[in-house]
Amino acid sequence: MWIVVVAIQTKVYNNRYRNRDTTMTKIKFIEKNINEADALKLLKESSNSFYPPLSTEVNLISYSKKLSKYAKFIFGIEEGEAVGYIAFYLNDKEKQIYIPLICVSPKYQHMGIGTKMLSYLESLYKGQYETVGLEVVKENMNAYNFYVKQGFEVNEDRGSKFLMLKNIE
């Protein structure tokens, strides 16, 4: 389980869902920039939630610098704890939102949080951007099937990965 301490501010969206114990839980979604130290902590704590682990694919220190400088984040927050996040870049020239990272804490997976975070992201930028893009490792069928269910389509074969795109409606 990874926990990131962030100051909660601005654009808050409340979502109610039933957890596995059938009790109601409230998740807040926030859009936020984070600093390099928080980005590094987030990458280290969530690395093993990716396939393959993020730390085997990128230099976490360099990547945290890039993310803190250029990316925005959406966090799913429950009782002050981050339970999921999306990192994304806004490409004004291509009118595209590009998602390099989307992660939901294992304890909260299969509860619709990833779907709600994607919907929230799209709602924030609808009318300003036309598509959402991301890459998925071909062998990661769980992620691939999730993205297809969300309306993404394969746009390009990039060897071990697919570039997938979705029109923002």
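1. A salt bridge is a side-chain nitrogen of Lys or Arg within 4 Å of a carboxyl oxygen of Asp or Glu. By this rule the count for the structure comes to 6 salt bridges. The model is a predicted one, and the points below should be read accordingly.

2. Glu-135 takes part in a salt bridge with Arg-158, at 2.7 Å from N to O. Glu-135 belongs to strand β6 and Arg-158 to strand β7 (residues 153-158), so this pair ties together parts that are 23 residues apart in sequence. With a relative accessible area of 29%, Glu-135 is partly exposed. Arg-158 is likewise partly exposed, with a value of 37%.

3. A salt bridge also links the side chains of Glu-135 and Lys-161, at 3.8 Å from N to O. Lys-161 lies in strand β8 (residues 161-167) while Glu-135 lies in β6, and the pair therefore ties together parts that are 26 residues apart in sequence. The relative accessibility of Lys-161 is 26%, which places this residue in the partly exposed class.

4. Arg-158 has a further salt-bridge partner in Glu-156, at 3.2 Å from N to O. Glu-156 is partly exposed, with a relative accessible area of 35%. Through shared partners, the salt bridges join Glu-135, Glu-156, Arg-158 and Lys-161 into one network.

5. Strand β6, which carries Glu-135, is mostly covered: 6 of its 7 residues are buried. Strand β6 runs parallel to β5, and 4 bridges join the two. Within this pairing, Tyr-98 has Gly-133 of β6 as its bridge partner.

6. Gln-96 is located in strand β5. Its relative accessible area is 17%, and Gln-96 is accordingly classed as buried. Leaving aside residues up to four places away in sequence, Gln-96 touches Tyr-89, Leu-90, Asn-91, Tyr-129, Thr-131, Gly-133 and Leu-165.

7. The largest pocket has a volume of about 1100 Å³. Its lining comprises 36 residues, and those closest to the pocket centre are Phe-50, Ile-102, Asn-140, Ala-143 and Tyr-147. By residue class, the lining divides into 22 nonpolar, 10 polar and 4 charged residues.

8. Several elements contribute to this lining: α2 (54-57), β5 (96-104), α4 (113-125), β6 (131-137) and α5 (141-149) each supply at least two residues. The element that gives the most is β5, with 7 residues. The two strands β5 and β6, joined by 4 bridges, are therefore both among the elements that supply at least two lining residues.

Terms used. Residues are numbered from 1 along each chain as its sequence is written. This is a predicted model: local features need pLDDT of at least 70, side-chain atom pairs count only at pLDDT 80 or more; totals for chains, interfaces and linings use all residues. Side-chain values use heavy atoms; hydrogens and water are left out. On a 1 Å grid over the protein atoms alone, a cavity is a set of points where a 1.4 Å probe fits but cannot get out, and a pocket is an open set with protein on both sides within 12 Å along at least five of seven lines; lining residues have an atom within 4 Å of a point. Grid points are joined across faces, edges and corners, and a volume is the space filled by probe spheres set on the points. Ala, Val, Leu, Ile, Met, Phe, Trp, Tyr, Cys and Pro count as nonpolar, Asp, Glu, Lys and Arg as charged, and the others, Gly among them, as polar. Buried means under 20% relative accessible area, exposed over 50%, partly exposed in between (1.4 Å probe, protein chains only). Contact means heavy atoms within 4.5 Å. Two strands pair if DSSP finds at least two bridges between them.
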